[in-house]
Amino acid sequence: MAIMKVLGGILGGVLTLWIGWGVYVIYTTERPPHEVTQRLGSGVEVRQYAEQTWISTAYTSDRGAFPVLGSYIFGRNQEQETVAMTAPVITGEKMTFILPAGVTQENAPTPDGQPIEFTTVPPRKVAALAFSWWVPEDRVARKTAALLEVLREAGVETVGEPFLMRYNDPWTPPFLRRNEVGIEVR
């Protein structure tokens, strides 16, 4: 019986630390500011974002793309400077990191051979539908279909292709994770 209490205490402590880590990451990771301009059915928000600077690389999988962008922000660049991680990480045809406020293509460190593309994204409107837990392809497809259906019913014109936005690191408990499917709108 004493062993069960000890194991329960250890498990409770680990669970508390895990949840604490997730909350810490949520509140300390920079996110691009935006203004919600419209709320549609089923939790869809239309947001206005200011200009952003993105770094992107080809996306075939997280294991292929994240190390390219991660190496750059963690200091493998010509200036050997770290760049703060922000959220969300955007995936579609490419994996994209949004650079922190004030970091532009002109003042960002120079990649050290990584296949990284810089893009200055002008102010834009994005429609987004949030959900939690993991992001298997079938779930993302269902959420994307739901987002597009709400936009179609509301008569909102879309631009380009839908994309996935993930706000948390892989160690955040799944029930605390924030993910969104989004698409640019007019």
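I started at Arg-47: its side chain makes a polar contact with the side chain of Glu-45, at 2.9 Å. I count a polar contact as N or O atoms within 3.5 Å; within protein, one must be able to donate a hydrogen and the other to accept it, and residues adjacent in sequence count only through side-chain atoms on both sides.

The model is predicted, so I note the terms: local features need pLDDT of at least 70, side-chain atom pairs need 80 or more, and totals for chains, interfaces and linings use all residues. Numbering runs from 1 along each chain as its sequence is written, and side-chain values use heavy atoms, without hydrogens and water.

Arg-47 sits in strand 2, residues 44–49 (strands are DSSP runs of E, at least two residues; helices are H or I, at least four; both are numbered from the N terminus). Arg-47 is buried because its relative accessibility is 2% (buried is under 20%, with a 1.4 Å probe and protein chains only).

I then checked Tyr-167. Arg-178 lies over its face, 5.7 Å from the ring centre (the cut-offs are CZ of Arg or NZ of Lys within 6 Å of the centre and within 35 degrees of the ring normal).

I searched the whole structure for aromatic pairs and got 3 (ring centres of Phe, Tyr or the six-membered ring of Trp within 6.5 Å; stacked under 30 degrees, edge-to-face over 60, the rest tilted). One of them is Tyr-72 with Phe-118, edge-to-face, 6.1 Å centre to centre and 85 degrees between planes. Tyr-72 is in helix 2 and Phe-118 in strand 6, 46 residues apart. Tyr-72 counts as buried because its relative accessibility is 0%.

Note on methods
Buried < 20%, exposed > 50% of the residue type's maximum accessible area, 1.4 Å probe, protein only.
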